[in-house]
Every structure is written in structure tokens, then in C-alpha cells.
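Dear colleague,

I am passing on the structure below, which may be new to you.

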Amino acid sequence: MTGRTGEGRVALVTGGNRGLGRETCRQLAQDGFRVILTARNDRQGRAAAGSLAESGLVVEHRPLDVTDPGSIAALVDGLRSDGIRPDVLVHNAGIALDGFDAEVARKTLAANFDGPMNLTDALTGLMPDGAVIVMVSSGAGDLTGFSPAIRRQLLEPDLDRETLSALMRDFIDAVANGSYASAGWPGSAYKVSKAGLNALTRALARDLAARGIKVNAVCPGWVRTDMGGSSAPRNVGKGAASIVWAAEIDADGPTGGFFRDGKPIAW
Ligand SMILES: NC(=O)c1ccc[n+]([C@@H]2O[C@H](COP(=O)([O-])OP(=O)(O)OC[C@H]3O[C@@H](n4cnc5c(N)ncnc54)[C@H](OP(=O)(O)O)[C@@H]3O)[C@@H](O)[C@H]2O)c1
């Protein structure tokens with residue numbers, strides 16, 4: 001499979017104001033995409049897009065909080081009225097909160113799982129057939145630490161979106177009532193959110209195959225960002241390249257897979 005460069009096509013990236021999202025925008029724009037850099041903080045989003053545009057790249061900012069249905073609707077309405085149909089959608093926005101309780105579980109699932117699901121649902125109507133969706137996941141979302149029964153459910157080839165969402169709600173409930181360990185869940189909301197995102201990747205790849213829309217999950221590796229911390233071994237350029245690889249797959253490329261640096265990794 002050879003990668004496909006932008007050729008003026010549109011790529012939309014969430015959480016583009018800093019870290020891996022900003023660098024993903026820079027690399028995609030450098031490869032010839034018209035980039036829509038979205039951010040929940042208007043001032044920071046404008047500053048990030050402005051600094052990339054100053055270096056001659058085609059990058060514009062639009063506001064988006066992936067946890068806010070009104071914000072998703074406003075973004076999609078704006079794109080539609082401006083005649084913009086994203087060819088590539090990168091779900092990069094994510095959080096890794098300190099601590100572990102029901103509130104942390106709820107907020108983490110809202111940003112890392114429901115956000116990508118709701119934005120995909122709202123945007124796919126506008127995206128052309130043959131479009132590409134990238135879920136920025138994590139090796140932390142692998143299925144070690146889950147009970148065999150939950151692993152089986154998450155890996156079920158016909159797992160539908162409603163059952164998956166209900167399973168994620170079960171996790172939040174189990175954290176709230178203290179039964180998560182005996183119910184077979186690991187003690188990390190971030191891990192569960194990314195395992196859920198991976199299962200969503202497989203379900204969406206199946207659902208969108210008829211339109212030729214490819215959906216893959218990627219791990220950027222452990223990267224020096226606000227989230228990854230200063231001890232991480234990778235720079236942001238190398239981490240974002242892992243994301244950009246999946247954004248630039250062509251019609252022969254994979255769908256429903258999980259990759260780091262362009263190579264398959266275990267769920
Ligand atoms: N760094 C690593 O080692 C690593 C490893 C594996 C996977 N990842 C994944 O890579 C992605 C990017 O991480 P990063 O390291 O670049 O983290 P980061 O520096 O903490 O950046 C996270 C980005 O997500 C945005 N965001 C969070 N919640 C949002 C929401 N509700 N709506 C819109 N944007 C939101 C943040 O916006 P604000 O500035 O407004 O907070 C920020 O732009 C995440 O999905 C993360 O899980 C990172």
C-alpha cells in the first residue's frame with residue numbers, strides 16, 4: 001500500500017490546538033491537505049491555526065468541543081453551509097485524568113469514546129464515499145486486564161453500537177457502585193475508554209464499508225506532550241507521523257485495524 005498525499009483534499013482534526021493534534025495538522029497541511037483545525041478553546045485554536053498558516057500552510061480553525069452535542073451540530077452546520085466535505089477525519093482529542101472514580105470514568109468516556117462516536121455519526125453524512133477516519137487510540141487500550149467475558153464481548157465480530165455503548169455505561173455504573181474489579185473491569189478509565197474506542201473502530205469499519213469509508217485506530221507511541229509527560233521517549237513529530245500514516249491510506253489500504261508506525265498491533 002502506498003500513502004496518498006492531500007492534493008487539496010480536506011482533513012478535519014479534533015483537539016488541534018496543542019500536542020499531537022497540532023503536529024498532525026502541521027504534517028497533513030505540509031502534505032497538501034486543506035486542514036480544518038478544531039479546538040474547544042477558541043483563542044488557542046485560532047492561535048495554533050494562525051501560526052501554521054503564517055508558515056504558508058492551508059490551515060483554518062473551527063470551534064469544537066467533542067463532548068458537547070450543540071458544538072458538534074454547529075460545526076457540521078457550518079461545514080455544510082460552506083460546502084466543505086471532509087475527506088479525512090482524525091479523532092485526536094482525548095483526556096487522561098488523574099484519579100479513579102465514577103466522575104473520572106464518566107468524563108473520560110464522554111471525551112474519549114462518546115465524542116468520537118457522536119462526531120462520526122454527525123459528520124459521515126457530509127463525508128464523501130471513500131473517506132478515511134482515524135481514531136487516535138493507545139496501546140493502553142489493549143485487552144489485558146479485562147475479564148475473559150468482557151474481552152469476548154468487546155471482540156464480538158457483530159458487536160453493535162448500542163451494545164457497545166451499554167457496555168461502556170456498565171463500566172461507569174460498576175465504578176460508581178464499587179463492583180468494577182469483581183465485574184471484570186480494569187481500574188483505569190483511560191484504558192477502558194481506549195478499548196471501547198478500538199471496539200467502536202471495528203464496528204464503524206464494518207458499518208461504513210459499503211461506502212468505502214475506511215476506519216482505523218492508531219497508537220502514536222508514548223509521546224512528549226502535556227499528556228505523555230517529559231519522560232516519554234518520542235517526540236511529537238514521530239508520534240503524529242503514526243497518525244498521519246493512517247490518514248493518508250489510499251483505496252488499497254486497510255480498514256478496521258489497529259496500527260503503530262504503520263504496522264499492525266494487537267487489540
Ligand atoms: N502523548 C502520549 O504519549 C499518547 C499516547 C497514546 C495515545 N495518545 C492519545 O493522543 C491524543 C492526543 O494526546 P496528546 O498527547 O496530544 O495530549 P494533550 O497534549 O493533552 O492534548 C489533548 C488535546 O485534546 C483536546 N481535548 C480534550 N478534550 C477535548 C474536548 N472535549 N473537545 C475538544 N478537544 C478536547 C485538548 O484541548 P484543550 O487544550 O482545550 O485541553 C488538547 O488539544 C489523545 O487522544 C491521547 O489519548 C497520547
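Strand S1 (residues 10–13) runs parallel to S2 and is joined to it by four bridges, and within this pairing Ala11 has Val35 of S2 as its bridge partner. Please keep in mind that this is a predicted model. Together with helix H1 (residues 19–30), the strands S1 and S2 form a β-α-β unit that is right-handed.

On its other pairing, S2 runs parallel to strand S3 (residues 59–63), with five bridges joining the two, and here Ala39 stands opposite Pro63 of S3. Between S2 and S3 the chain passes through helix H2 (residues 42–54), and this β-α-β crossover is right-handed.

Strand S2 (residues 34–39) is largely enclosed by the rest of the structure, because six of its six residues are buried.

Turning to the helices, helix H4 (residues 102–123) packs against helix H6 (residues 161–176) at an angle of about 160 degrees, and their axes are 8 Å apart. Angles over 145 degrees count as roughly antiparallel, so H4 is roughly antiparallel to H6. The contact is made on the H4 side by Ala102, Ala105, Arg106, Leu109 and Phe113, and on the H6 side by Met168, Phe171, Ile172, Val175 and Ala176. The crossing of H4 and H6 is right-handed.

With kind regards

How values were computed. Residues are numbered from 1 along each chain as its sequence is written. This is a predicted model: local features need pLDDT of at least 70, side-chain atom pairs count only at pLDDT 80 or more; totals for chains, interfaces and linings use all residues. A residue is buried if 20 or more other C-beta atoms lie within 10 Å of its own, exposed if 12 or fewer, and partly exposed in between; C-beta atoms are placed from the backbone. Two strands pair if DSSP finds at least two bridges between them. A crossover is right-handed if, with the strands pointing away from the viewer, the path from the first strand over the helix to the second runs clockwise. Axes are lines fitted to C-alpha atoms, for helices over the stretch in contact, and angles run from 0 to 180 degrees between N-to-C directions. Angles under 35 degrees count as roughly parallel, over 145 as roughly antiparallel, 65 to 115 as roughly perpendicular and the rest as oblique. A crossing is left-handed if the near helix is turned anticlockwise from the far one by less than a right angle, and right-handed if clockwise. Two residues are in contact if their C-beta atoms, placed from the backbone, lie within 7 Å.
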